[in-house]
Amino acid sequence: MTTLLLRLAGPLQSWGASARFVQRTTENAPTKSGVLGLLAGAEGRPRDADLSDLAALRFGVRIDRPGSRIRDFHTAENRDTGRALPLSDRYYLADAVFLAGVEGEDTFIRRLYTAVDAPRFLPYLGRRSCPPSHPLLLQDNASLSSLPLEDALRNTPWQGGRGPLSHRPPREQPPAELNMLLDCPPQDTPDIQLRDTPLSYNPSHRRYAMRGIQARHATASAPVHDPTAHLRPAPTARHDSPAPPLATDDF
Amino acid sequence: MRRSIIDIHILQNVPPSNINRDDTGTPKSAYYGGERRARVSSQAWKRATREQFKQLLPPEELGVRTKRVVEVLAEHIVKRDATVADNAVKLAEEVLTAATGSTLETPKRKTKEGDQGSDTLPESKYLMFLSRRQLDALADIAIGSSGGGDPATLKAELKDKKNKAQARAAVDSRHSVDIALFGRMVADAAGLNVEAAAQVAHALSVHRSEVESDYYTAVDDQSGDSESGAGMIGTVDFNSATLYRYAAVDVNELHRNLGSGLAPEQPPSTPATKALTSFLEAFITSLPTGKINTFAHHTLPSVVIVKLRDRWPLNFVGAFETPIPKTSAGGFLRESCDRLAAHITEMEQAYGLDSDPTWVFRVGEETKGLADLGSTLTLETLLQQVGSAVSERLESGA
């Protein structure tokens with residue numbers, strides 16, 4: 001089993017699990033349907049493609065910076081008559097950072113890694129107007145881990161530090177504990193349930209199944225402070241070369 | 001084919017204004033880096049960009065986004081063949097139903113007399129986005145298959161599978177520039193959806209920004225000397241900002257949406273290249289017009305950076321996650337440019353993107369911090385160079 005980790009950071013994100021029509025809500029953390037949609041888009045799957053392989057992956061997310069919820073009031077107007085069309089409220093998470101992970105069979109996970117590294121459809125954080133502010137893949141191949149999902153999420157350094165490295169406030173500390181939301185194994189009792197396991201993204205009949213979620217905590221480890229780290233030459237791995245070796249637990 | 005993705009980064013000063021407001025009339029905002037920022041929604045700027053297209057592109061390259069599709073198509077039909085004018089509305093309705101599968105309804109509007117107005121025509125239930133070329137193609141079908149303008153004949157003809165498919169193909173090809181860039185969602189016919197090739201981010205101020213309120217009074221010109229009070233009083237909320245604006249365009253997707261050149265002598269990359277440079281120019285020079293007569297906030301960007309990527313686009317808003325502080329010299333632009341230059345270099349080196357082609361347009365001495373990123377060009381040269389770089393990429397693999 002291999003785990004793929006994605007950093008989801010951007011000024012605005014929006015992860016709706018029951019967002020329809022005029023109330024476009026967002027959950028407090030990325031949904032399974034949102035993240036799998038991002039992966040499916042990276043692979044270039046059409047909206048009506050089969051998703052069973054993706055839906056079968058074990059999914060979890062760590063909340064590195066929870067952010068705050070903002071409401072965006074959206075109007076549209078009929079150009080010819082000037083009449084207002086139905087108003088809608090769109091909710092966003094502002095200022096949030098998440099670490100999302102999917103665990104599955106090695107070849108498939110590596111294929112997804114390669115897809116995210118050169119995506120067919122451009123990625124966005126839940127809504128098209130929310131592009132990521134940082135690359136989704138962690139630096140130095142840390143996005144591919146041979147650890148199981150929960151351990152991989154636990155062992156990855158905290159990603160919630162603010163601003164560019166050279167202008168980062170010197171005293172910023174990660175919170176002592178980070179919340180994690182993980183797919184609940186079938187034999188356990190879930191803490192919460194959400195209808196966000198995608199069965200089909202086909203816009204004429206989107207379908208989602210219920211998903212049991214377990215809440216867990218992780219101790220945050222700040223990234224090791226190395227002021228020259230970002231000046232090192234970049235890894236030479238490109239999308240046309242085979243996927244890099246797995247990062248192992250060497251923190 | 002080598003992948004081509006364009007990202008656009010803009011710094012723009014906007015004086016006191018209220019270009020995009022929420023339901024209480026307050027300028028929109030968002031928290032970023034723990035501080036409140038001015039925000040202009042992506043929808044607002046896309047709308048401004050679409051409006052700007054009208055100055056840059058001929059009408060046939062653009063789409064019409066309206067619920068009143070029946071009326072618009074009827075006009076196209078009459079323009080092509082005035083003899084069918086009497087039945088134009090009926091013909092338009094038939095061909096639209098067949099082509100899009102959408103339901104068209106006559107809206108119930110109350111007039112003073114209590115019944116609906118006599119001039120009400122059927123409308124679609126949502127904004128339908130059709131290119132002018134698609135409307136022309138539909139008009140041709142309506143005229144050609146109706147045996148001289150008879151709606152019943154047209155209806156019967158469109159029952160035939162082949163004819164129906166032809167009508168559907170008319171709205172599924174020859175998309176306009178704005179449809180290709182911003183996409184199309186047809187609620188009741190998902191097969192007609194067009195995936196947007198452009199992503200536009202919400203613009204955010206690079207600094208902390210609080211909303212201010214302007215208390216105003218208006219004098220009643222006709223009030224006599226004895227009445228010294230105001231005719232009315234009110235408040236307008238506003239803010240001012242140095243905005244970071246960002247958009248990305250998937251050039252390959254744009255090329256797929258638009259197809260190859262229409263004329264045989266035209267290189268296949270021409271439609272996509274033209275659409276891209278029009279988008280760049282329109283996005284750079286447009287400004288949402290909210291309360292424009294109150295604030296006259298007409299400004300243009302001080303900095304435009306365009307990058308050509310071959311894997312994924314990269315947003316540099318992270319440069320401003322720590323807000324730009326107030327300095328004794330005042331202004332945010334100089335520090336923003338220095339910060340942006342450092343952030344771009346850091347990120348690109350770290351992720352191995354630093355060889356990607358870059359074009360820089362900048363105005364003023366305050367922006368010199370960005371001088372090392374690439375040679376500084378005029379806007380016109382920038383558009384030309386980006387255009388030829390992109391068409392070269394598209395041609396090399398097309």
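A crossing of two helices is called right-handed if the near helix is turned clockwise from the far one by less than a right angle. The legends below apply this term to a predicted model.

**Figure 1. Packing of helices α2 and α3 in chain B.** The view shows helix α2(B), residues 69-80, against helix α3(B), residues 88-100. The crossing of α2(B) and α3(B) is right-handed. On the side of α2(B), the contact is formed by B:V69, B:V70, B:L73, B:A74, B:I77 and B:V78. The residues that α3(B) contributes are B:A88, B:V89, B:L91, B:A92, B:E93, B:V95 and B:L96.

**Figure 2. The loop around B:A296.** B:A296 lies between α10 (292-295) and β12 (303-309) of chain B. Although B:A296 is not a glycine, its phi is positive, at about 45°. The relative accessible area of B:A296 is 47%, and the residue is therefore classed as partly exposed.

**Figure 3. The loop around A:D140.** In chain A, the loop between α3 (106-117) and β6 (144-145) holds A:D140. This residue, too, is other than glycine and has a positive phi, near 55°. Its relative accessible area of 49% places A:D140 in the partly exposed class, because exposed residues are those over 50%.

Figure 4. Chain B contains 12 helices and 13 strands. Along the principal axes, its C-alpha atoms fill a box of roughly 80 × 75 × 30 Å. Of its 398 residues, 55% count as buried. The accessible surface of chain B amounts to about 17300 Å², and carbon and sulfur atoms supply 48% of that area. Among contacts in chain B with a separation of 6 or more, 74% join residues 24 or more positions apart. Chain B carries 46 positive and 53 negative charges, whose mean positions are 4 Å apart.

Figure 5. Chain A has 4 helices and 9 strands, arranged along the sequence as β-β-α-α-β-β-β-α-β-α-β-β-β. Of the 251 residues in chain A, 49% count as buried. Its accessible surface comes to about 11400 Å², with 53% belonging to carbon and sulfur atoms. Residues 24 or more positions apart provide 77% of the chain A contacts that have a separation of 6 or more.

Note on methods: Residues are numbered from 1 along each chain as its sequence is written. Chains are lettered from A and ligands numbered from 1 in the order in which they are written. This is a predicted model: local features need pLDDT of at least 70, side-chain atom pairs count only at pLDDT 80 or more; totals for chains, interfaces and linings use all residues. Side-chain values use heavy atoms; hydrogens and water are left out. Helices (H or I, at least four residues) and strands (E, at least two) are DSSP runs, numbered from the N terminus. Buried means under 20% relative accessible area, exposed over 50%, partly exposed in between (1.4 Å probe, protein chains only). Contact means heavy atoms within 4.5 Å. Accessible areas come from the Shrake-Rupley method with a 1.4 Å probe; for residues, only the protein chains shown count as cover. Lys and Arg count as positive and Asp and Glu as negative; His and the chain ends are not counted. The place of a charge is taken as NZ of Lys, CZ of Arg, CG of Asp or CD of Glu. Axes are lines fitted to C-alpha atoms, for helices over the stretch in contact, and angles run from 0 to 180 degrees between N-to-C directions.
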